[in-house]
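Hi,

Here is the structure I said I would pass on.

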Amino acid sequence: MPQLNMVQAINLALREEMARDNRLVVLGEDVGRDGGVFRVTEGLFEQFGGERVMDTPLSESAIAGAAIGMAVCGMRPVAEIQFMGFIYAAFDQLVAHAARIRTRSRGRFTCPLVIRTPYGGGIKAPELHEESTEALFCHVPGLKVVVPSGPYSAKGLLLAAIRDPDPVLFLEPTRLYRLVKEEVPEGDYTLPLGTARIVRQGGAVTVAAWGSMLQRTIQAVEGYDAEVIDPMTLAPFDWETLLASVRKTGRLVIVHEAPLTCGLGAEIAATVAEEAILHLRGPVLRVTAPDVPVPLARLMDRYLPSPERIRAAVEEVLAY
């Protein structure tokens, strides 16, 4: 079984699915001859041609709008937004149209669309190139939000997202693109959307983390009786898996690289308080970025949650 990084795994998923389903098209800035800014789509233009791998103008609203039209008309577009910080120009298309097509048409139309975009910090790029604003999109009914945490999950989740009948925002942790390699099977497999995975079994504290924060969390909890959960799909969230873990351990730490206020960690903490408060032995703690804009490269290591900060939160909640 080949050892692939995340870039290679996503490329493999696109290549195999394009060969299987001729409705699938790829579009975005520089995704064609250049293979994308991170070379995720490298080689697809040469294999499938310009009618299925399309370079677009520098207009995120146009990319999303064109992809929505394609999806409603029966195609399976996979659109790339070059960085998450550029997606705000397409926010209206995704919120006002893609997420509402099924409801607006009373089920007559669906929008089987995937928006891929690199997100998150750790590559020492300027502000808009390291955004982590997934909570904005998790708030939108009708829009699914998926975050892989490694090459294996990236391929399986992307294939599931492409085949889903509704729009999916597929957030690719930029820091993980070439950081780790995993065994990734060739051929068809999917990981179901809306299902979390227990990465590490434990009995004293639950730690939930996604994207590039999962690797740091696993490093931080070494030596502790911690259960680590990777949600994989942020919307819809797998509450059953998380709540079962919290009821077992009685403690919860949430790690994300988005800012603290109104981040997804707040929603998780509120739901645990509603559904499992009598099982808690201590407060739900969050380890996040501060409520400031993404800084320049020199301060990035202070901005992102570190293994030391995660470990401190675990020790704090274990003290109760």
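Below is what turned up on salt bridges and on one helix pair.

This is a predicted model, where local features need pLDDT of at least 70, side-chain atom pairs count only at pLDDT 80 or more, and totals for chains, interfaces and linings use all residues. Residues are numbered from 1 along each chain as its sequence is written, and side-chain values use heavy atoms, leaving out hydrogens and water.

Salt bridges first (a side-chain nitrogen of Lys or Arg within 4 Å of a carboxyl oxygen of Asp or Glu): the whole structure has 12. One of them joins Glu16 and Lys155, at 2.9 Å from N to O. Those two are 139 residues apart, with Glu16 in helix H1 and Lys155 in helix H7 (helices are DSSP runs of H or I, at least four residues, and strands are E runs of at least two, numbered from the N terminus). Lys155 is buried at 0% relative accessibility, while Glu16 is partly exposed at 23% (buried is under 20% relative accessible area, exposed over 50%, partly exposed in between, with a 1.4 Å probe and protein chains only).

Arg163 and Asp188 also form a salt bridge, at 2.6 Å. Arg163 sits in H7 and Asp188 in the loop between strands E8 and E9. Asp188 is exposed at 56%, and Arg163 is partly exposed at 28%.

Cheers
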